[in-house]
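Please look over the chain shown below, with its sequence and its three-dimensional coordinates. The report that goes with it takes up one region at a time.

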Amino acid sequence: MDTNCIFCKIVAGQIPAKKVHEDEHLLAFHDIQPWAPVHILVIPKLHIVSMADVDERHAELLGRMMAVTPRLMRELGVSNGFRHVINTGRDGMQEVMHLHLHVMGGPRPWNKG
């Protein structure tokens, strides 16, 4: 855990979030600045700064992040497709330095993207 990381604080329960999924490895919650009608973030509970810090030992964790999203989007009423985005590093437009997967769906036009 990084004590200065907002996502680590959400994982620790120090900051509230509108959760849609939690297990021993992952937490998923609604984005507070959504780009789409349904916009969730899926984060590992393990503090990993970005995709640039991922290696083979994280393969199962990354697979879990991707595999949970179809069910979550169905449960949130998304039935006509959705988008996955992972921003990496400052040049990749990553705003929070904790690996996170944006999952966005719902009817277009979206606010951004």
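The sections below cover the basis of the model, a helix, the nonpolar cores, an aromatic pair and some loop residues.

## Basis of the model

This is a predicted model, in which local features need pLDDT of at least 70 and side-chain atom pairs count only at pLDDT 80 or more, while totals for chains, interfaces and linings use all residues. Residues are numbered from 1 along each chain as its sequence is written, and side-chain values use heavy atoms, with hydrogens and water left out.

Helices (H or I, at least four residues) and strands (E, at least two) are DSSP runs, numbered from the N terminus. Buried means under 20% relative accessible area, exposed over 50%, and partly exposed in between, with a 1.4 Å probe and protein chains only.

## Helix H2

Helix H2 has 17 residues and reaches 25 Å from its first C-alpha to its last, which is close to the expected 24 Å, where the expected span is 1.5 Å times one less than the number of residues. At Thr69 the helix bends by about 30°, and a proline, Pro70, follows within four residues; the bend is the angle between axes fitted to the seven residues ending at a position and the seven starting there. Just after H2, Gly77 takes a positive phi of about 90°.

The buried residues of H2 are Leu61, Met65, Val68, Thr69, Leu72 and Met73. These buried residues pack against strands E1 (19-22), E2 (26-30), E3, E4 and E5, with contact taken as heavy atoms within 4.5 Å.

## Nonpolar cores

A nonpolar core is a set of buried Ala, Val, Leu, Ile, Met, Phe, Trp, Tyr and Cys residues joined through side-chain atoms within 4.5 Å. Of the 16 residues in the largest nonpolar core, Leu26, Ile40, Val42, Met65, Met73 and Val103 touch the most other members. E2, E3, H2 and E5 each supply at least two residues of this core, and the largest share, five residues, comes from H2. Apart from this core lies another, of eight residues, among them Cys8, Leu27, Leu41 and Ile43.

Met73 can also be followed through its own contacts: not counting residues up to four places away in sequence, Met73 touches Val38, Ile40, Val78, Phe82, Val103, Met104 and Gly105.

## Aromatic pair

The structure holds one aromatic pair, where rings of Phe, Tyr and Trp (its six-membered ring) pair if their centres lie within 6.5 Å, and planes under 30 degrees apart count as stacked, over 60 as edge-to-face and the rest as tilted. The rings of Phe7 and Phe29 have their centres 5.7 Å apart and their planes at 75°, so the pair is edge-to-face. The pair links distant parts of the chain, with Phe7 in helix H1 (residues 6-11) and Phe29 in strand E2, 22 residues apart. Phe7 is buried at 6% relative accessibility, and Phe29 is buried at 4%.

## Loop residues

Two residues of interest lie in the loop between E4 and E5, namely His98 and Met93. His98 is buried, with a relative accessible area of 0%, and, residues up to four places away in sequence aside, its contacts include Cys5, Phe7, Cys8, Ile43 and Pro44. Met93, in contrast, counts as exposed at 58% relative accessibility, and Met93 has a positive phi of about 70° although it is not a glycine. Most residues other than glycine have a negative phi.

Glu56 is placed in the loop between strand E3 (38-44) and helix H2 (59-75), and counts as exposed at 72% relative accessibility. The C-alpha atoms of Glu56 and Lys18, 38 residues apart along the chain, are separated by 31 Å.
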